[in-house]
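Dear colleague,

I am passing on to you the structure that we spoke about, with the sequence alongside. Please look through it first, and then read the notes below.

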Amino acid sequence: MISGLVSCNSQRPKEIKAEWQLVWEEDFNGSDIDYSVWSKIPRGKSDWNNYMSDYDSLYEVANGNLILRGIVNNVLPNDTAPFITGGVYTKDKRVFGEGRLEIRAKLNGAKGAWPAFWMLPEDAQWPHGGEIDIMERLDYDSIVYQTVHTNYTYNLNIKNPPNGATAPINPEDYNTYAVEKRKDTLSFFVNNNLTFQYPRIETDKVGQFPFNDQDFYLLIDMQLGGSWVGKVDPETLPVEMYIDRVRFYTTP
């Protein structure tokens, strides 16, 4: 378990409060990605994006789902990456402030699979602007990780208050993951069960709670391999994740 995480063994039911009003929904009921909202994530040098590709077969909108894939790269002879993966984000197109952001999805497993839903600020150096990990899953796990990263938790390595939790999922079905972003608190949920809260606290340390000062964009990606999840077993590929919907709620 990652340092600073707590296990959410007892689920605490919490329905979506009546105060929330749905203001935006992506239901993927069309036949293609809406590029006015989403962009394909380009390749980078980090574990989470070093196999990203715009190869068309990694992306599909079908049966009310956005399907993102991770595959063995035997299709792009000029690309030296052993695997290629698909991911989308709303960077420079849609951002989210205070409110509830919710993703309903089914995550298929593979050895070395690392799907994630997470949020970053538009204009801030990491980790000073903060990072909100709504969901990360490893391999075939029946748990997910929900985590907060800031200068306070990462550079200063202070984990009080705890900056993350694990929560159980049904690995064979759709689950709903959410974060509620308020002025002084981030609250995380799986299937409407509160998993943990990260509050603003009084401290003289820099960067403990940067989240209410800026809007964040959403990333949804299927990644393979890396120092956390470990090596990929090609025999378990391809792997897919199905995104049924994304919803954003605010208070009226």
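The chain is built from one helix and 18 strands, and please keep in mind throughout that this is a predicted model. Its radius of gyration is 18 Å, close to the 18 Å that the globule rule gives for 252 residues, so the chain is as compact as a globular protein of that length. Taken along the principal axes, the box filled by the C-alpha atoms is roughly 55 × 35 × 35 Å.

Of the 252 residues in the chain, 53% are buried. When contacts with a separation of 6 or more are considered, 72% of them are between residues 24 or more positions apart.

A search of the whole structure finds twelve salt bridges, and a few of them are described here.

One of the salt bridges joins E25 and R247, whose closest N and O atoms are 3.0 Å apart. Since E25 lies in strand 3 (residues 21-26) and R247 in strand 18 (residues 239-250), the pair ties together parts that are 222 residues apart in sequence. E25 is partly exposed, at 36% relative accessibility, and R247 is also partly exposed, with a relative accessible area of 21%.

Another salt bridge is formed by D184 and R200, with the closest N and O atoms 3.0 Å apart. This pair links distant parts of the chain, 16 residues apart, because D184 is in the loop between strand 14 (175-181) and strand 15 (185-190), while R200 is in the loop between strand 16 (193-199) and strand 17 (216-224). D184 counts as partly exposed, with a relative accessible area of 36%, and R200 counts as partly exposed at 36% relative accessibility.

R182 and E180 also form a salt bridge, and here the closest N and O atoms are 3.6 Å apart. E180 is buried, at 4% relative accessibility, whereas R182 is partly exposed, at 27%. Both residues belong to a network of salt bridges that links E19, R100, E102, E180 and R182.

Key
Residues are numbered from 1 along each chain as its sequence is written. This is a predicted model: local features need pLDDT of at least 70, side-chain atom pairs count only at pLDDT 80 or more; totals for chains, interfaces and linings use all residues. Side-chain values use heavy atoms; hydrogens and water are left out. Helices (H or I, at least four residues) and strands (E, at least two) are DSSP runs, numbered from the N terminus. The radius of gyration is taken over C-alpha atoms; the globule rule is 2.2 Å times the number of residues to the power 0.38. Buried means under 20% relative accessible area, exposed over 50%, partly exposed in between (1.4 Å probe, protein chains only). Contact means heavy atoms within 4.5 Å. A salt bridge is a side-chain nitrogen of Lys or Arg within 4 Å of a carboxyl oxygen of Asp or Glu.
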